[in-house]
Each structure stands twice: as structure tokens, then as C-alpha cells.
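I opened my notebook to look up charges, contacts and surface patches, one entry at a time. The sequence and structure come first, and my entries follow.

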Amino acid sequence: MTLINRLYRINKPLNRYEILLRHFVNVGDKVDITYIKDAKPILIKEDKEYPEWVFTLTDKLPTRVELIKKMDEEGVNELTKYENRRLRRLLTVKEIKDFNHSTLPDED
């Protein structure tokens, strides 16, 4: 199974583009992306040739509630650097939304 096929292995219905991509992309196929002038064409490789983190790109990210629950159960120090950063970002977004909602004029 190629990288593209593994990246699209998710628990949701596939759209038409994803179905086409799964059936028509094979190892050795050329990817028509040219971001460097006069560069060699990019080819699809075997899965073992990609680093492991590539296959985590489609993993579901934890929600604010899940991160708060983990922090309460396991402690603040058990959150990874990325989980901590994500939690702070999600809390900031929530505060901004709450503030914006509270400052809306009342409709009579």
C-alpha cells in the first residue's frame, strides 16, 4: 500500500477525489508538483521509505475537552510539549469567542 493510500485511511466516507486517488496512484508514479525549476520529477515511493511521522498526519487531534481531562487525570507534567501548546491555543480561542459573544449587542 502506498503512502497516499495510507494517508487516506480514515473513518469517514470518501469523496470522489479520494476514491480516484486510492485506485490510480501506484509506487513509481510521477507526482506533477514542480516547486523547483528544472528539478527531477517526484515519484511515489514504498511506505518503508517514508519516515514514520508522515503516517500520523491524518490522525485526529485531541480536542480541548480531551486535553483538559487528560491534564486533570494525569497531571500537567504528563502533557507532551505539543499537547500543552495545543491546549493553550484552544483555550485562547475559546476565551476570544466567549469575549466576542459577551460583547455582542442585545437584540430587542
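Is E83 buried or exposed? I found that E83 counts as buried because its relative accessibility is 18%, where buried means under 20% relative accessible area, exposed over 50% and partly exposed in between, with a 1.4 Å probe and protein chains only.

Before going on, I noted that this is a predicted model, in which local features need pLDDT of at least 70 and side-chain atom pairs count only at pLDDT 80 or more, while totals for chains, interfaces and linings use all residues. Residues are numbered from 1 along each chain as its sequence is written, and side-chain values use heavy atoms, with hydrogens and water left out.

**Salt bridges**

I looked up the salt bridges, each a side-chain nitrogen of Lys or Arg within 4 Å of a carboxyl oxygen of Asp or Glu, and the structure holds two of them. In one of them, the side chains of E83 and K70 meet at 2.9 Å, N to O. E83 lies in helix α4 and K70 in helix α3, so this pair ties together parts that are 13 residues apart in sequence; helices here are DSSP runs (H or I, at least four residues), as are strands (E, at least two), numbered from the N terminus. K70 is partly exposed, with a relative accessible area of 23%.

I then turned to D98, which forms a salt bridge with K94, their closest N and O atoms being 2.8 Å apart. D98 and K94 are four residues apart in helix α4, so about one helical turn separates them. D98 is partly exposed at 42% relative accessible area, and K94 is partly exposed at 31%.

**Surface patches**

I looked up patches next, which are made of residues with over 30% relative accessible area and no salt bridge, like charges being joined within 9 Å and nonpolar side chains (Val, Leu, Ile, Met, Phe, Trp, Tyr) within 5 Å. K81, R85, R88 and R89 gather in a surface patch of positive charge, and R88 lies in helix α4, which covers residues 81-102. A patch of negative charge is formed by D72, E73, E74 and E78; D72 has its place in helix α3 (residues 64-74) and counts as exposed at 59% relative accessibility. I33, Y35, I36 and I42 make a nonpolar surface patch of about 420 Å².

**The loop between β1 and β2**

I found I36 in the loop between β1 and β2, and D38 is in the loop between β1 (30-31) and β2 (42-43). D38 has a positive phi of about 60° although it is not a glycine, and D38 counts as exposed at 78% relative accessibility.

Notes: Accessible areas come from the Shrake-Rupley method with a 1.4 Å probe; for residues, only the protein chains shown count as cover. Lys and Arg count as positive and Asp and Glu as negative; His and the chain ends are not counted. The place of a charge is taken as NZ of Lys, CZ of Arg, CG of Asp or CD of Glu.
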